[in-house]
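Thanks for making time. Please have the model open while I talk.

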Amino acid sequence: AAEAEKEAERRKEYEDVDGFADEMSDMRKGSVLKALNKAVSADGEPTTIKALVRRLVSEGRTIGEWNGKRTLQSEDGAFRDENAFTKTGMDYAECLIAKRDNAQSEVKSEEKPASSYGTPETPDVVRLSDHFSDKLYNGEGYSNIGKARAEAAALLGGRVSPGTPLVKAIDEAIELGVVKASRQAVEDMREQAASRGETVNDVDIFRELVGLYKKQPNLGSRTSTSVAQQAYSTPAPLAFLASHLAGVTKETSVYEPTAGNGMLLIEASTENAVVNELNSERAERLRSLGFDVTENDAAEYLPKNRVDAVVANPPFGRVRDDGGNAKAWTVGDFTTNELDHAIVMQALQALKPEGRAVLIIGGKQGEDQTRSDKYHAGPQRRFYAELFDNYKVIDHFTVDGNLYESQGAGYPIDFIGI
């Protein structure tokens, strides 16, 4: 009897992972328990990954990033990276940090009651975005995504578990909040300068947006839909740069074929913007900003009227059918398997003869010679030949992927000005 009781206690401890595996299948749960109870050595002492993660989280560590991998870091900058815990261990750490921060979060009395933000099962992304917009606009920031998610969980009256739809919904709310705060910052700086009879320097606006960008947490959660649609959004400073180069003002008619949450429309008026977004949830959020939105396939859709400007950051990569074959698109005499190339060529047909466009497309990774070889590959040569033969390209430069990481991506991107 004593042995059976001892074994039951051992099994209870083995399976106790603080609710982390509650919503997993039995097969997945088994592999998670095995990974978290794996014996390791830390600071010269034998322990398990689970015990080590628990100790570090209890010490106040937060999620950070180093060399493209998540870390558990302390306030003094010391950290242990994902190699020390495995991916499962780091996911477990995120879960514990969310629970810890949930318990510590206090919603200010002047904020809306939790019920007005929805529930953990049906969060109101637009209302949550207002919360994050206010915070970011007023100078508050988030050192890591866990803090922002815990704050949202407190507003919703629940908890956030890694890998759930709620995580992506909260990240979408944060992103929409960044869009709102960025639009407000640009508008306020222009209005304040105008009230003094001055014109604000766009460099100052850019720097203000860089400051705001640094306050937002990394948005790394993706759903199967966002993976399939390669849906990454443009950072606020780069969106403003694109808008500036395209000459967008409140009077400009501007077409955005893959609008996402609306960041590239940072200076566009809701009355003059022609907005398309395939994802129905994001399209609805764009409508909450006041835009009229169509929900068409941007590689095939063309607006009725021509516009003064086109700004676009279409999804990168190839789309494959069920048989694994790359889909092809034809725009005029141009045929391509690259989704961003197809969307770009289709969108440019909406441009007035004297119009301007700024396009953000996937760049090439590697050292100089490697990148050069990739740009000279057949599909790239055909795309750029089509572009330079038919449009007046005035600029083409690459932006390092490190400037993109807070949006959930770290891939180099190319700016093309027309």
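Ground rules. This is a predicted model, where local features need pLDDT of at least 70, side-chain atom pairs count only at pLDDT 80 or more, and totals for chains, interfaces and linings use all residues. Residues are numbered from 1 along each chain as its sequence is written, and side-chain values use heavy atoms, with hydrogens and water left out.

Cores now. A nonpolar core here is a set of buried Ala, Val, Leu, Ile, Met, Phe, Trp, Tyr and Cys residues joined through side-chain atoms within 4.5 Å. Buried means under 20% relative accessible area, exposed means over 50%, and partly exposed is in between, with a 1.4 Å probe and protein chains only. The largest core has 58 residues. Which of them touch the most other members? They are Ile174, Val254, Leu265, Val275 and Phe415. Helix H7, residues 165–195, gives this core its largest share, 12 residues. Helices are DSSP runs of H or I with at least four residues, strands are runs of E with at least two, and both are numbered from the N terminus.

Take Leu265. Contact means heavy atoms within 4.5 Å. Leaving aside neighbours within four places in sequence, Leu265 contacts Arg183, Val254, Glu256, Ala259, Ala273, Val275 and Phe291.

Next, charges. Side chains of opposite charge can pair when their charged atoms come close. I count a salt bridge when a side-chain nitrogen of Lys or Arg is within 4 Å of a carboxyl oxygen of Asp or Glu. The whole structure has 27 of them.

Start with Glu94 and Arg70, at 3.4 Å, N to O. Glu94 sits in helix H4, residues 86–104, and Arg70 in strand S4, residues 69–73, so this pair ties together parts 24 residues apart in sequence. Are these two buried or exposed? Glu94 is buried, at 16% relative accessibility. Arg70 is buried too, at 19%.

Asp91 and Lys87 form a salt bridge at 2.9 Å, N to O. They are 4 residues apart in H4, so about one helical turn separates them. Asp91 is buried at 13%, whereas Lys87 is exposed at 52%. Both pairs belong to one network of salt bridges, made of Arg70, Lys87, Asp91, Glu94, Arg149 and Asp171.

Then Glu172 and Arg282. Their closest N and O atoms are 2.7 Å apart. Glu172 is in H7 and Arg282 is in helix H11, residues 280–288, so the pair links parts 110 residues apart in sequence. Glu172 is buried at 6%, and Arg282 is buried at 6%.

A side stop at Ile145, in helix H6, residues 145–156. It is buried at 10%. Its C-alpha is 9.3 Å from that of Glu94, 51 residues away along the chain. Beyond four places in sequence, Ile145 touches Asp171, Ile174, Pro217, Asn218 and Leu219.

Last, strand S9, residues 307–312. Here 5 of the 6 residues are buried, so S9 is largely enclosed by the rest of the structure. Strands pair if DSSP finds at least two bridges between them. Strand S6, residues 254–256, runs parallel to S9 and is joined to it by 2 bridges. Val254 has Ala309 in S9 as its bridge partner. S9 also pairs in the parallel sense with strand S12, residues 351–362, over 5 bridges. There, Ala309 stands opposite Arg356.
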